[in-house]
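Colleague: I'm new to this one, and I'd like to learn how to read it. Could you walk me through it, feature by feature?

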Amino acid sequence: MSPTPPYQQSPGAGGVSTPDPAPADSAIPETLERLISVPASRAERVTHVRVVPARDAGYAEWPEWADEAVVRAFREAGGVERPWRHQVAAAEAARSGQHVTLATGTASGKSMGFQLPALTAIRENSGGTLYLAPTKALAADQLRRLTHLGVPGLRAGLLDGDTDAEARDWVRQHANYVLSNPDMLHYSLLPGHARWAPFLRRLRFVVIDECHTYKGVFGSHVAAVLRRLRRICARYGSSPTFILASATTADPAVSASRLTGVEVAAVTDDASPRGPLVFALWEPPLTTLIGERGAPVRRSATAEAADLLTDLVLDDVRTVVFTRSRRGAEQVSMQTRDYLEERRTGYGKRIAAYRGGYLKTERRALEAALHMDPTHDGALVGLAATTALELGVDVAGLDAVLMAGFPGTRASLWQQAGRAGRAGQGALAVLIARDDPLDTYLVHHSESIFDRPVEASVLDPDNPYVLAPHLCAAAAELPLTDTDLELFGPGTEALLSDLTRREYLRRRPTGWYWTRRERPSALTDLRGTGGVPVRIVEDQTGRLLGTVDEGASHSTVHDGAVYLHQGHTYLVDKLDLEQNIALVHRANPDYTTMARDVVQVTILETEQTQDWGDASLHFGSVEVSTQVVSYLKRRAGTGQIIETKPLDLPERTLRTRAVWWTVDPAALRDAELDTAMSAGAAHAAEHASIGLLPLFTPCDRWDIGGVSIPLHPDTDRLTVFVYDGHPGGAGFAERAYGSAVAWLTATRDVIAACECMEGCPSCVQSPKCGNGNNPLDKAGAARLLNLVLSGVSNVEGNS
């Protein structure tokens, strides 16, 4: 019998609990037992196992107002004899005209909560529905479900970037249930609202699915689009009820209200049944390789996931691996396919990658294979995916979910884990830690995952950098008037004056008008990326492989970068920024690449300050200058650094929001941290704090940046900055300012607890560092943070 990892019982996802005594070995499910038994050393990689117990269903009766044909469709085609309580509660609220958000777990049937009132309204001929999804795949999946129900009188149509002109005309003229996304609202429906007047005039419901994904800059953009939609609907005499569907989050009503601009009620009591979920935390082993500055190197999460996925597919365990990036999904898919062919010829075709950036035909083929019976020759048993799948396809019957790295928030973690056991059977979820401070902290502090509530979504509808282009778009749709000021928020009047001064708008007695020839919707990108997407083209054939956001092109498709697509590897020959094209050729290198940048920060305005004795904490506006200067070649599978290659790319400037802390020079001398030591200490503390911040605010490590300066010219002190990586900010730095004590305390604890001698990727080294992780002083970082936090204790003790 292999060693048993820590094994605890939990009342539910994200709930606060006191663990029960560990059950016997026999309670470990057979699937997990097989994974940790071969090789036997795998058992040592499991740091914790938590059992989320099964839950019985809580039923309700069908509402009296529900149309008989709709109820019959759910019973006969949907297999639903009786609805669950939370579905009826949300449907009743929407039916009464109350804006409502249904925030329950994965596989809790949220779709019925909005479909029941929407389809009944269609049967009554009392109004149509606009359904908005964050991804094309999710809208397409919803269309499949609606079509399968076969409700008489339903005319559902898909409106997205893949919809051809003929189909768009049919949707506009005939559909009473339109499935789309915020991007199409912004670029097509709202600018052309006059052609959509019959539909908008009778619009009764607006459904916003997976609304917890609308956070940060993307969420702020969508909030502006929804306010524009409400304004246009009012023009045609309609006032639709908003129905939002969300993963379990903190304060779902508040988040939904900030997103829509209307008061929203929340339904959170999940009455759906659930099979038992066994959730394991997994830390890959140390390798014999030596990383930067002699640091120990752990096996990568993607390599570990490929191993586990291979074993699961060979056992016909239907499994999805969620990765943090497109590249990660392709790597897991390629490695697993190779491993499978080595062990069982022909099994490699049972694994694939699914990510954003694929062409329409590729996405549709993969989605079809996912829905096949697993015994079918073309069916997929294993899939390596990004959140494009998490937010896109309803996959029933999964037995296991592997997560190659923490997905950024506990809400996303439980969303991904919930994909297992969707048919009510028991299932397995495994979080495989990446070699970074946050993942290392989580797999050794299980209470941070299982015993804390999930996060609230963070968005800032008043961000002037986001709101200004939407005011231009709104003015082009209908001239803005004084009555619109309240709709768009307190900063609207000042922004309109600025846009008028800059000649984007013209003020007339009847309002503000858009007067330029270009389309105002082109002024902004909802996804927060900015610029025209860069096309990735195979040089020899001219074939378009996919696209990458312009904002990410410097770091992902620079000259010499390794690019993965559908299991094939390409090398970038040239990134042409003027033509927005990256030319690539097929290759088979034994390495991966990772870009590095250098950063400078100038303080523009300090808005909030906390006195921490010898240290101080600040929040405000900054200007950040960033330049990608080089890239690393890393040995595939091990991460070992082969060489660093320079790059010549232009500098970028960003005005954003930041949190920063400073330390008095005299206090540094008293702590025996001279200039050289304090530089390495601050640099190490900056890296670790960026790595830990997603534990305290729902951001991704790549959404934020940082820089440390031993003597910053704007403060005349040692200064460490952490800033939002989006124009105008995204709310992350402000949340960090509010939780700074807990955040920096966790940062110090991670550094102190790491067993390495000089610093490693699990504590203070960063894969983004443009200075080659030099200088870094791990011990000095712990002392520096102790100095900063002791000032907090002294201030609180004297207050």
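Modeller: Let's take the sheets, then the salt bridges, then a pair of helices.

Modeller: Before that, a word on the ground rules: this is a predicted model, where local features need pLDDT of at least 70 and side-chain atom pairs count only at pLDDT 80 or more, while totals for chains, interfaces and linings use all residues. Residues are numbered from 1 along each chain as its sequence is written, and side-chain values use heavy atoms, with hydrogens and water left out.

Colleague: Fine. In what order do the strands of the 7-stranded open sheet run?

Modeller: The general idea is that strands of a sheet pair through backbone hydrogen bonds, either parallel or antiparallel. As for the terms, helices (H or I, at least four residues) and strands (E, at least two) are DSSP runs, numbered from the N terminus, and two strands pair if DSSP finds at least two bridges between them. Here the order is β5-β6-β4-β7-β8-β3-β9, and the pairing is parallel. At the edges you'll find β5 (156–158) and β9 (265–267); each has a single partner strand, so one side of each is left without a neighbour in the sheet. From one strand to the next the twist averages 20 degrees. Angles like these run from 0 to 180 degrees between N-to-C directions, and axes are lines fitted to C-alpha atoms, for helices over the stretch in contact.

Colleague: How many bridges join β3 to β8?

Modeller: There are 4, between β3 (residues 100–103) and β8 (residues 241–246), and the two strands run parallel. One example to look up is alanine 103, whose bridge partner in β8 is serine 246.

Colleague: And which helix packs on that sheet?

Modeller: That's α3 (residues 85–95), which touches β3, β7 (203–208), β8 and β9; contact means heavy atoms within 4.5 Å. The direction of α3 makes about 170 degrees with that of β3.

Colleague: What about the open sheet of 5 strands: what is its order?

Modeller: Read it as β21-β20-β24-β23-β22, with mixed pairing. The edge strands are β21 (544–548) and β22 (562–565), each pairing on one side only. Direction ignored, neighbouring strands of this sheet are turned by 35 degrees against each other on average. Inside it, β23 (residues 568–576) and β24 (residues 581–586) run antiparallel and are joined by 6 bridges. Tyrosine 570 stands opposite arginine 586 in β24. Helix α12 (residues 326–343) lies across β21, β22 and β23, at about 65 degrees to β22.

Colleague: Where can I see a hairpin?

Modeller: Look at β18 (residues 505–508) and β19 (residues 511–514), which pair in the antiparallel sense over 4 bridges. A hairpin of 2 residues joins β18 to β19, and arginine 506 stands opposite tyrosine 513 in β19.

Colleague: Now the charges. How many salt bridges does the structure hold?

Modeller: In general, side chains of opposite charge can pair when their charged atoms come close. A salt bridge is a side-chain nitrogen of Lys or Arg within 4 Å of a carboxyl oxygen of Asp or Glu, and the structure holds 32 of them. One joins arginine 123 and aspartate 67, with the closest N and O atoms 3.0 Å apart. Arginine 123 sits in helix α4 (residues 110–123) and aspartate 67 in the loop between β2 (46–52) and α2 (68–76), so the pair ties together parts 56 residues apart in sequence.

Colleague: Is aspartate 67 buried or exposed?

Modeller: Buried means under 20% relative accessible area, exposed over 50%, and partly exposed in between (1.4 Å probe, protein chains only). Aspartate 67, at 17%, counts as buried, while arginine 123 is partly exposed at 35%. Another salt bridge pairs arginine 350 with aspartate 316, at 3.0 Å from N to O. There arginine 350 is buried at 12%, and aspartate 316 is partly exposed at 43%.

Colleague: Last one: at what angle do α23 and α25 pack?

Modeller: Two packed helices are described by the angle between their axes and the distance between the axes. Helix α23 (residues 675–692) and helix α25 (residues 740–753) pack at about 115 degrees, with their axes 9 Å apart. Among the residues that meet there are Ala685 and Leu692 in α23, and Trp743 and Val750 in α25.
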